[in-house]
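Subject: A structure to look through

Hi,

Here is the structure I promised to hand over. Have a look at it first, and then read on for what I found in it.

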Amino acid sequence: MPKALIVFATEDGQTAKVASRLAEAIAAAGVEVALRDCARGDAGAHLATYDGVVIGSGIHFGRAAKPLLALVKDHRAVLATRHTAFFSVSLSAGGPNRDPDAAKRHLAKFSEETGLQPDLSASFAGAIRHSRYGFLRTLLAHFSLRKTGLPEPGDHEYTDWKAVGAFAEAFAKRLASPKR
Ligand SMILES: Cc1cc2nc3c(=O)[nH]c(=O)nc-3n(C[C@H](O)[C@H](O)[C@H](O)COP(=O)(O)O)c2cc1C
């Protein structure tokens, strides 16, 4: 049975939710799947023991999480020998204030900053949950998204779960053949 690892970085929980959904769907395709939060000290351990590694990050201030980028950079030689996929989770990727060009830039920046060209990549729409943010975080979100604006007050999840499922299927299919 092929083995896959999903390493993710999340601030508000949506990337963790996407990572769990990916794990379920990849496992359903007959792959043994492990999930790791990048905040764990040993998130980069034993990468060579997996046939495939999926890397995911929420986007804040136009960037993926720094510790995750550092992990990928540190391990890019090993990762280049595995099947790899990257996904970002953001409001640029979907929702009323979407900005597809910015979503594309997040994917390009990942490769520029880490030196890794993943076999697959996708940007998924994220969520905004005003009820969970304090005054300061709401202010920061407004500042970060000042060009496109923030969705209305309230809690909104824009993630397209079908797209997440399709991404999982495409990745699981790749694991069936050796990395070229
Ligand atoms: C402080 C803050 C800054 C954000 N900055 C951006 C941004 O620069 N670009 C973007 O597309 N989305 C931005 N977002 C939206 C997040 O990407 C979205 O809420 C996503 O679901 C977060 O993923 P997470 O829950 O895994 O942290 C921001 C959200 C917050 C709260």
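The buried residues of helix α4 are covered by several elements, including β3 (52-58), α2 (66-74), α3 (76-79), β4 (83-90) and β5 (120-125). Please keep in mind as you read that this is a predicted model.

Which residues of α4 are buried? They are A102, A103, H106, L107, F110, S111 and T114. After α4 comes G115, with a positive phi near 80 degrees.

Now for a helix pair. Two packed helices are described by the angle between their axes and the distance between the axes. For α2 and α4, the axes come within 9 Å and cross at roughly 50 degrees. That angle is why α2 counts as oblique to α4. The crossing in which α2 passes α4 is right-handed. On the α2 side, the contact is made by L69, V72 and K73, and on the α4 side by F110, E113 and T114. Sorted by class, the residues of this contact are three nonpolar, one polar and two charged.

Helix α1 covers residues 14-28, so to speak a stretch of 15 residues. Its reach from first C-alpha to last is 21 Å, close to the 21 Å expected at 1.5 Å a residue. The buried residues of α1 are Q14, T15, V18, A19, L22, A23 and I26. α1 is followed by G30, which has a positive phi near 90 degrees.

How do the axes of α1 and α6 cross, and at what angle? They come within 9 Å and cross at roughly 50 degrees, and that makes α1 oblique to α6. α1 passes α6 in a right-handed crossing. From α1, the contact takes in Q14, K17, V18, R21, L22, A25 and I26; from α6, it takes in W161, V164, F167, A168, F171 and A172. By class, there are ten nonpolar residues in this contact, along with one polar and two charged. Q14, V18, L22 and I26 are among the buried residues of α1 too.

Start with S88, which sits in strand β4. Is S88 buried or exposed? Its relative accessibility is 0%, so S88 counts as buried. Apart from neighbours within four places in sequence, S88 is in contact with S57, I59, H106, L107, A122, S123 and F124.

D99 lies in the loop between β4 and α4. With 19% relative accessibility, D99 counts as buried, because the cut-off is under 20%. Setting aside neighbours within four places in sequence, D99 is in contact with S92 and T148. D99 and F87 are twelve residues apart in sequence, and their C-alpha atoms are 16 Å apart in space.

S177 belongs to the segment after α6 (161-175). S177 is partly exposed, at 39% relative accessible area. Between S177 and D51 there are 9.7 Å in space, C-alpha to C-alpha, although the two are 126 residues apart in sequence.

Lastly, look at two backbone angles. Most residues other than glycine have a negative phi. H46 is not a glycine, yet its phi is positive, about 55 degrees. H46 is in the loop between β2 (32-37) and β3, and with a relative accessible area of 60% it is exposed. F61 also has a positive phi, near 55 degrees, in a residue other than glycine. F61 is found in the loop between β3 and α2 and is partly exposed, with a relative accessible area of 47%.

Happy exploring!

Note on methods: Residues numbered from 1 in each chain as written. Predicted model: local features only at pLDDT ≥ 70, side-chain atom pairs only at ≥ 80, totals over all residues. Heavy atoms only, no water. Buried < 20%, exposed > 50% of the residue type's maximum accessible area, 1.4 Å probe, protein only. Helix = DSSP H or I, 4+ residues; strand = E, 2+ residues; numbered from the N terminus. Contact = heavy atoms within 4.5 Å. Axes fitted to C-alpha atoms, helices over the stretch in contact; angles between N-to-C directions. Parallel < 35°, antiparallel > 145°, perpendicular 65-115°, else oblique. Left-handed = near helix turned anticlockwise from the far one by under 90°. Nonpolar A, V, L, I, M, F, W, Y, C, P; charged D, E, K, R; others polar. Expected span 1.5 Å × (residues − 1).
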